[in-house]
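User: I have a model open and want to go through a few local features. Can you take my questions as they come?
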Amino acid sequence: MKSRGPYRRHSTPFKLQLCEDIRNGVIGRRDAQRTYGVSANLIQLWLTQFDRGELNDEEAEASVIAEYEAHIAALERKVGQLTMELDLVKKTPRQQIAGDSGSSSIITGPRPALSDGGAK
(Lines give C-alpha, C1' and ligand atoms only; values in the text may rest on other atoms or scores of the structure.)
Protein backbone atom coordinates (compact mmCIF):
# COMPACT_ATOMS: atom_id res chain seq x y z
CA MET A 1 0.00 0.00 0.00
CA LYS A 2 1.26 3.45 -0.91
CA SER A 3 1.90 5.97 1.86
CA ARG A 4 0.13 9.30 1.42
CA GLY A 5 2.41 11.26 3.73
CA PRO A 6 0.99 13.77 6.23
CA TYR A 7 -2.71 14.05 6.93
CA ARG A 8 -4.73 16.10 4.48
CA ARG A 9 -7.69 18.31 5.32
CA HIS A 10 -10.61 18.55 2.95
CA SER A 11 -12.81 21.62 2.85
CA THR A 12 -16.45 21.38 3.82
CA PRO A 13 -17.61 22.50 0.34
CA PHE A 14 -15.58 19.64 -1.18
CA LYS A 15 -17.11 17.10 1.22
CA LEU A 16 -20.60 18.47 0.61
CA GLN A 17 -20.23 18.34 -3.18
CA LEU A 18 -18.78 14.82 -3.11
CA CYS A 19 -21.60 13.54 -0.88
CA GLU A 20 -24.23 15.17 -3.08
CA ASP A 21 -22.65 13.61 -6.18
CA ILE A 22 -22.58 10.15 -4.56
CA ARG A 23 -26.15 10.40 -3.29
CA ASN A 24 -27.39 11.63 -6.70
CA GLY A 25 -25.58 8.84 -8.55
CA VAL A 26 -23.20 11.16 -10.40
CA ILE A 27 -20.18 9.23 -9.11
CA GLY A 28 -19.81 5.94 -7.30
CA ARG A 29 -17.96 5.46 -4.04
CA ARG A 30 -15.15 3.47 -5.65
CA ASP A 31 -14.73 6.06 -8.39
CA ALA A 32 -14.60 8.79 -5.75
CA GLN A 33 -11.95 6.82 -3.86
CA ARG A 34 -9.77 6.46 -6.94
CA THR A 35 -10.35 9.94 -8.33
CA TYR A 36 -9.76 11.91 -5.13
CA GLY A 37 -7.52 9.49 -3.22
CA VAL A 38 -9.92 9.32 -0.26
CA SER A 39 -10.39 6.16 1.80
CA ALA A 40 -13.70 4.27 1.87
CA ASN A 41 -13.97 4.84 5.63
CA LEU A 42 -13.62 8.58 5.24
CA ILE A 43 -16.24 8.69 2.49
CA GLN A 44 -18.60 6.68 4.72
CA LEU A 45 -17.99 9.10 7.60
CA TRP A 46 -18.76 12.09 5.35
CA LEU A 47 -21.91 10.40 4.00
CA THR A 48 -23.10 9.72 7.55
CA GLN A 49 -22.52 13.38 8.47
CA PHE A 50 -24.25 14.44 5.25
CA ASP A 51 -27.29 12.27 5.98
CA ARG A 52 -27.53 13.68 9.53
CA GLY A 53 -27.38 17.23 8.16
CA GLU A 54 -24.03 17.93 9.77
CA LEU A 55 -22.53 18.94 6.41
CA ASN A 56 -24.41 21.99 5.21
CA ASP A 57 -23.88 25.31 3.47
CA GLU A 58 -23.64 27.24 6.74
CA GLU A 59 -20.87 24.98 7.98
CA ALA A 60 -19.18 25.25 4.58
CA GLU A 61 -19.27 29.03 4.79
CA ALA A 62 -17.97 28.96 8.36
CA SER A 63 -15.14 26.67 7.25
CA VAL A 64 -14.18 29.01 4.41
CA ILE A 65 -14.30 32.02 6.74
CA ALA A 66 -12.10 30.22 9.27
CA GLU A 67 -9.58 29.38 6.54
CA TYR A 68 -9.53 33.02 5.39
CA GLU A 69 -9.10 34.26 8.96
CA ALA A 70 -6.17 31.90 9.50
CA HIS A 71 -4.59 33.08 6.24
CA ILE A 72 -5.09 36.74 7.22
CA ALA A 73 -3.52 36.10 10.64
CA ALA A 74 -0.49 34.47 8.99
CA LEU A 75 -0.11 37.42 6.63
CA GLU A 76 -0.39 39.89 9.51
CA ARG A 77 2.35 38.02 11.39
CA LYS A 78 4.57 38.16 8.30
CA VAL A 79 3.94 41.90 7.85
CA GLY A 80 4.84 42.46 11.50
CA GLN A 81 8.04 40.45 11.14
CA LEU A 82 9.07 42.31 7.99
CA THR A 83 8.25 45.67 9.61
CA MET A 84 10.50 44.84 12.58
CA GLU A 85 13.32 43.76 10.25
CA LEU A 86 12.98 46.94 8.20
CA ASP A 87 13.03 49.10 11.36
CA LEU A 88 16.16 47.29 12.53
CA VAL A 89 17.90 47.88 9.20
CA LYS A 90 16.96 51.58 9.26
CA LYS A 91 18.29 52.02 12.83
CA THR A 92 21.57 50.17 12.26
CA PRO A 93 24.29 52.61 11.10
CA ARG A 94 26.02 51.59 7.91
CA GLN A 95 29.71 50.96 8.43
CA GLN A 96 32.09 51.98 5.72
CA ILE A 97 34.32 49.22 4.41
CA ALA A 98 38.01 49.74 5.25
CA GLY A 99 39.89 51.21 2.30
CA ASP A 100 36.71 52.43 0.64
CA SER A 101 37.67 56.00 -0.10
CA GLY A 102 35.33 56.56 -3.00
CA SER A 103 31.62 56.38 -3.31
CA SER A 104 29.87 53.38 -4.74
CA SER A 105 26.90 53.04 -7.00
CA ILE A 106 24.26 50.38 -7.36
CA ILE A 107 25.06 50.17 -11.05
CA THR A 108 28.85 50.18 -10.96
CA GLY A 109 29.48 48.87 -7.46
CA PRO A 110 32.42 49.90 -5.27
CA ARG A 111 35.46 51.41 -6.90
CA PRO A 112 38.48 49.10 -7.16
CA ALA A 113 41.08 49.52 -4.44
CA LEU A 114 44.54 50.80 -5.42
CA SER A 115 47.15 48.13 -4.89
CA ASP A 116 50.43 48.86 -3.11
CA GLY A 117 52.64 46.43 -5.08
CA GLY A 118 52.00 47.69 -8.60
CA ALA A 119 51.02 45.58 -11.60
CA LYS A 120 51.83 41.87 -11.58
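User: Is R23 buried, partly exposed or exposed?
Analyst: R23 is partly exposed, its relative accessible area being 38%. Buried means under 20% relative accessible area, exposed over 50%, and partly exposed in between (1.4 Å probe, protein chains only). This is a predicted model, where local features need pLDDT of at least 70, side-chain atom pairs count only at pLDDT 80 or more, and totals for chains, interfaces and linings use all residues. Residues are numbered from 1 along each chain as its sequence is written, and side-chain values use heavy atoms, with hydrogens and water left out.

User: What does R23 form a salt bridge with?
Analyst: With D51; the closest N and O atoms are 2.6 Å apart. A salt bridge here is a side-chain nitrogen of Lys or Arg within 4 Å of a carboxyl oxygen of Asp or Glu.

User: Which parts does that pair tie together?
Analyst: R23 lies in helix 1 and D51 in helix 3 (residues 40–52), so the pair links parts 28 residues apart in sequence. Helices are DSSP runs (H or I, at least four residues), numbered from the N terminus. D51 is partly exposed, at 49%.

User: How many salt bridges does the structure hold?
Analyst: Two. R34 and D31 also meet in one, at 3.3 Å from N to O. Both lie in helix 2 (residues 29–36), three residues apart, about one turn of the helix. R34 is exposed at 63%, whereas D31 is partly exposed at 38%.

User: Back to helix 1. Which residues are buried there?
Analyst: T12, K15, L16, L18, C19, D21 and I22.

User: And what comes just after helix 1?
Analyst: G25, with a positive phi of about 80 degrees.

How values were computed: Helix = DSSP H or I, 4+ residues; strand = E, 2+ residues; numbered from the N terminus.
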